[in-house]
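I opened the notebook to record what I looked up in this structure, one entry per topic.

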Amino acid sequence: MNKLGNVLFLIGSPKGKRSASHNFASYLEDQFKLKGVETETSYIVQHQKDEKLKELVKKAREKELLVMVNPLYIDSIPAITINFMEEFTREEVSPGKKQKLLAVFNSGFPEPHHNNLAIRMCEIFAQKTGIEWVGGITIGMGAAFESQGVEDAGFMSRNLKKGMDSIVDCLSLGNPVPSEAMLIASKPLLPLFFAKHGMCWFGGRMWKGKVHDESIKRNMYERPYD
Ligand SMILES: Cc1cc2nc3c(=O)[nH]c(=O)nc-3n(C[C@H](O)[C@H](O)[C@H](O)COP(=O)(O)O)c2cc1C
């Protein structure tokens, strides 16, 4: 097996560097660097104009491994990433070039399976563009990583780190990635019972906190059409 030479991270969050997607990519990038793999990161949001998008697609076509890291938007792929994928399908493939694709999706809801459909779309994209599909990592409760890195999340990110480390090990050596590694990285960050109740409680507090007008506070539980 040939060792991996280079990897391009394509961040699909419109929030760019201030996103959870950036933080997940950052962790993976550090691990690849430790293995001696050359890395580069591009933010799709900065490449929306025609010329910039074409430049990005050209660059992406040159890399051995593409890692697309995205938020889940309406159970699907963000529009800027779809735009990139459509442009990518129009770019001619250099003969003999073998590329690989890994996709990472993070959602607001705590159950990672919400991301499965978007991952499947990426798999079909890989098939249609002649790229070898490596697999997909699904992460629930992604917002927890908007303002902290994977390394800083302690107990919550232990499986994510374990799975990601093993995926990076395999890819760096040019070995196939066992599906077990994807499953470990895709485990819920917290037991779902706690995650769901915690999110309801924190979400409720946050929305209630946004109401400053006392007269609205008094009436906000009214349900006139019940
Ligand atoms: C327009 C929009 C649509 C979204 N749709 C979903 C959704 O369908 N399911 C879900 O679980 N989260 C959804 N979310 C939440 C994001 O996936 C979540 O906040 C994610 O962590 C954002 O990642 P980022 O910081 O990398 O952009 C949506 C957020 C936005 C802004």
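I needed one cut-off first: I call a residue buried if 20 or more other C-beta atoms lie within 10 Å of its own, exposed if 12 or fewer, and partly exposed in between. I also noted that this is a predicted model.

I looked up Asp75 and found its phi near 55 degrees, a positive value in a residue other than glycine. Most residues other than glycine have a negative phi. I placed Asp75 in the loop between strand 3 and helix 3. Is Asp75 buried or exposed? I counted 12 other C-beta atoms within 10 Å, so Asp75 is exposed.

I then turned to Met141, which is not a glycine and has a positive phi of about 60 degrees. Met141 sits in the loop between strand 5 and helix 5 (158-173). Here the count is 23 other C-beta atoms within 10 Å, so Met141 is buried.

**Entry: helix 1**

I checked the span of helix 1 against expectation. Its 15 residues should span 21 Å at 1.5 Å a residue, and the end C-alpha atoms are 22 Å apart, which agrees. I found helix 1 mostly covered, with eleven of its 15 residues buried. Among the buried ones I listed Ala20, His22, Phe24, Tyr27, Leu28 and Phe32. The cover over the buried residues of helix 1 includes strand 1 (6-11), strand 2 (38-43), strand 3, strand 4, strand 5 and helix 5. Just after helix 1, I noted Gly36 with a positive phi of about 85 degrees.

**Entry: the nonpolar core**

I looked up the largest nonpolar core, which has 55 residues. Which of its residues touch the most other members? They are Leu10, Phe24, Val67 and Leu101. Helix 1 gives the most to this core, with six residues. In soluble globular proteins, nonpolar side chains tend to be buried together.

Leaving out residues up to four places away in sequence, Leu101 touches Leu66, Met68, Cys122, Ala126, Ile131, Trp133 and Val134.

**Entry: helix 4**

Helix 4 covers residues 116-128, so I checked its faces next. I found Ala118, Ile119, Cys122, Phe125 and Ala126 buried in helix 4. These residues cover an arc of only 110 degrees around the axis, which puts them on the same side of helix 4. An α-helix has 3.6 residues a turn, so residues three or four places apart point the same way. On the other side of helix 4, I found Arg120, Ile124, Gln127 and Lys128 exposed.

What do the buried residues of helix 4 pack against? I listed strand 3 (65-71), helix 3 (79-90), strand 4 (100-106) and strand 5 (132-139). I also checked the length: the 13 residues of helix 4 reach 19 Å from first C-alpha to last, close to the 18 Å expected. Gly130 follows helix 4, and its phi is positive, near 70 degrees.

**Entry: Arg61**

I located Arg61 in helix 2 (residues 50-62). With 18 C-beta neighbours inside 10 Å, Arg61 counts as partly exposed. I compared its position with Tyr27: Arg61 and Tyr27 are 34 residues apart in sequence and 23 Å apart in space, C-alpha to C-alpha.

**Entry: around the ligand**

I counted 18 residues around the ligand, of which Ser21, Pro71, Ser107, Gly108 and Gly142 come nearest. I sorted the shell into seven nonpolar, eight polar and three charged residues.

Conventions:
Residues numbered from 1 in each chain as written. Predicted model: local features only at pLDDT ≥ 70, side-chain atom pairs only at ≥ 80, totals over all residues. Helix = DSSP H or I, 4+ residues; strand = E, 2+ residues; numbered from the N terminus. Expected span 1.5 Å × (residues − 1). Arc of directions from axis to C-beta. Contact = placed C-beta atoms within 7 Å. Near = placed C-beta within 6 Å. Nonpolar A, V, L, I, M, F, W, Y, C, P; charged D, E, K, R; others polar. Core = buried A, V, L, I, M, F, W, Y, C linked by C-beta atoms within 7 Å.
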